[in-house]
Amino acid sequence: MKTIRALIASSLYFFILAVTYYIHINYFNVNVVFYAAIGDSLIATALAGFILFTVKYFRLFNFFEKTQMLCLWVLAGYALAISVPTVIDRSLSFYILEKLHQRGGGIRLDHFEEVFTKEYVKEHRLVDIRLTEQLASGTITIVNGCVKLTPKGQRLEAFSRAFRNHLLPKQRLIMGEYSSDLTDPFKNSVERVNYTCK
C-alpha cells in the first residue's frame, strides 16, 4: 500500500514539475536555463510536499518517510534540470547532431572547424549566453568593456583547473588516438595576444 501511494505522490511531483517548467519557460523571463530549471524543481517539491503533508490520502507515511520523499524529489529535480534542458541548451554534441540534420545528414570532416567557428558561435549566441550565465553566477564583472574575474570566479577557476589537471582522464580517446591534451588545453596556446585588459 505504501509503495503504491509513494509512486502516486512521486508521479504527482513529476506532473507538477512538468507543468511548472512549461509555464516558466513560456510565460516568464529566464535568466539562466539551469538556474530556472532548479527553481522549478524546488517549486514543484514545495507544492507536492504541501500536498504530501496535508492530504489525508498520504497520512500513512510518517514524518521521516515524507522527508525522504522530499529529498528524493529535490535530487530527481536536480538530475533532470542538469540532464535535460541544460544539456540540450549548451551541448556541443547535440549541436553536431542538429547541424548534421540541418545540412541534409552529412558534413565533410575537414569543414567541422569552420562549422564551429563560423556557425555554432553565431547561431547559439555562445559568447553572449556564457557571459550572461557568468554574470548571473557572480563569477565575472564587466567594467568599461573589460571582463574580469570576481573573487568567486577566481576560486571556481582554481578548482576547475586543479580538477582538470589532476582528475580528468590522462588517456582520453580523441579522434582515434588517446591523448592527455585536455588536462592542460592551454599548453600550446598563443603566448602574445592583444586583447587583455587591466
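Before I show the pockets, let me say that a pocket here is an open set of points, on a 1 Å grid over the protein atoms alone, with protein on both sides within 12 Å along at least five of seven lines, and that its lining residues have an atom within 4 Å of a point. A volume is the space filled by probe spheres set on the points, with grid points joined across faces, edges and corners.

What you see is a predicted model, where local features need pLDDT of at least 70 and side-chain atom pairs count only at pLDDT 80 or more, while totals for chains, interfaces and linings use all residues. Residues are numbered from 1 along each chain as its sequence is written, and side-chain values use heavy atoms, with hydrogens and water left out.

The largest pocket holds about 410 Å³ of space, and its lining consists of Arg90, Arg164, Pro185 and Phe186. By class, that lining has two nonpolar, two charged and no polar residues, where Ala, Val, Leu, Ile, Met, Phe, Trp, Tyr, Cys and Pro count as nonpolar, Asp, Glu, Lys and Arg as charged, and the others, Gly among them, as polar.

The second largest pocket has about 280 Å³ of space, and among the residues lining it are Val32, Tyr35, Thr86, Arg90 and Glu133. Two or more of its lining residues come from each of α2 (33–54), α4 (85–90) and α7 (126–137), these helices being DSSP runs of H or I, at least four residues long, numbered from the N terminus. Helix α7 gives the largest share, four residues, and the lining as a whole divides into five nonpolar, three polar and three charged residues.

Conventions: 1 Å grid on protein atoms, 1.4 Å probe; cavity = no way out; pocket = protein on both sides within 12 Å on 5 of 7 lines; lining within 4 Å.
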